[in-house]
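Colleague: I have the model open and would like to go through it with you. Shall we begin with the ligand?

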Amino acid sequence: MKDELTIAVLSAEEAGRHLADLASLLHACVHDGASIGFVLPFSLAEAEAFWRGKVLPPLGAGGRILLVAWQGGRLVGSVQLVTDTPPNQPHRAEAAKLLVDPACRRRGIGRALMAALEAHSLALGRSLITLDTRSGDKAEPLYAALGFATAGVIPGYCRDPFDGRLDATTIMFKALPVAP
Ligand SMILES: CC(C)(COP(=O)(O)OP(=O)(O)OC[C@H]1O[C@@H](n2cnc3c(N)ncnc32)[C@H](O)[C@@H]1OP(=O)(O)O)[C@@H](O)C(=O)NCCC(=O)NCCS
């Protein structure tokens, strides 16, 4: 029988208890070639330091939501909704660091995480979601399939994790339908 996929919100405290799982997920994605802010060499300790230093504090302060995907007792994916926007953008949130374990891809986990992220965003009154993703990456067709539109492309935006070449990034957005 196929293991059920569940999506859950983790508090800062819960995320702290799952630091090793979160670090493994990030480490595996970077080593698989994902352009998500890091370059090689990238150790598990650095991955854990990212979660501890950059994610747990805003989670605890209420400026961010962390959603994780569980399957078969394993943490197989995550995504973050950044709600720490300026006062003139109370209706906007940013989707960040959508990660799916390389061994678990193309099973709908990324789509499920984004669907949950959209539901949480709407529940918080954040009807505009923005994000950026390396141009040409697997995530681009995923976001497009979910209804994200492309605002534009910035050339030479970030370095490839393996060879350091400069890659473009695509800025995308989705205005969620708000009930009248
Ligand atoms: C992008 C990523 C999150 C997709 O996760 P996933 O669980 O494999 O995605 P899903 O199975 O939900 O795919 C949903 C849809 O996205 C698109 N998609 C996903 N992977 C794709 C690929 N390799 N090639 C083309 N389209 C792809 C397809 O439209 C797919 O629907 P389909 O399987 O019915 O054709 C995953 O590849 C990943 O973690 N990449 C590395 C991290 C990263 O780059 N994150 C984005 C940061 S902005």
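Modeller: A backbone N or O atom of R106 lies 2.8 Å from an oxygen atom of the ligand. That is a polar contact, meaning a pair of N or O atoms within 3.5 Å; within protein, one must be able to donate a hydrogen and the other to accept it, and residues adjacent in sequence count only if both atoms are side-chain atoms. Please note that this is a predicted model, in which local features need pLDDT of at least 70 and side-chain atom pairs count only at pLDDT 80 or more, while totals for chains, interfaces and linings use all residues. Residues are numbered from 1 along each chain as its sequence is written, and side-chain values use heavy atoms, with hydrogens and water left out.

Colleague: How far is the polar backbone atom of R107 from an oxygen atom of the ligand?

Modeller: The distance for R107 is 3.2 Å. For G110, a backbone N or O atom lies 2.8 Å from a ligand oxygen.

Colleague: And how much of the ligand does the protein bury?

Modeller: The protein buries 79% of the 920 Å² that the ligand exposes when taken alone, with areas from the Shrake-Rupley method and a 1.4 Å probe.

Colleague: Which element gives the most to the shell around the ligand?

Modeller: Helix α5 does, with four residues. At least two residues each come from β4 (92–100), α4 (109–123), β5 (128–134) and α5 (139–145). Helices (H or I, at least four residues) and strands (E, at least two) are DSSP runs, numbered from the N terminus.

Colleague: Changing topic, how many aromatic pairs are there?

Modeller: The search of the whole structure gives four, counting rings of Phe, Tyr and Trp (its six-membered ring) with centres within 6.5 Å; planes under 30 degrees apart are stacked, over 60 edge-to-face and the rest tilted. One of them is F38 with F50, edge-to-face at 5.3 Å centre to centre and 80° between the planes. F38 lies in the loop between α2 (19–31) and α3 (44–61), and F50 in helix α3.

Colleague: Is the peptide bond from L40 to P41 cis or trans?

Modeller: The bond is cis, with omega near 0°, and P41 is in the loop between α2 and α3. Most peptide bonds are trans.

Colleague: What is phi of K97 near?

Modeller: Phi of K97 is near 50°, a positive value, and K97 is in strand β4.
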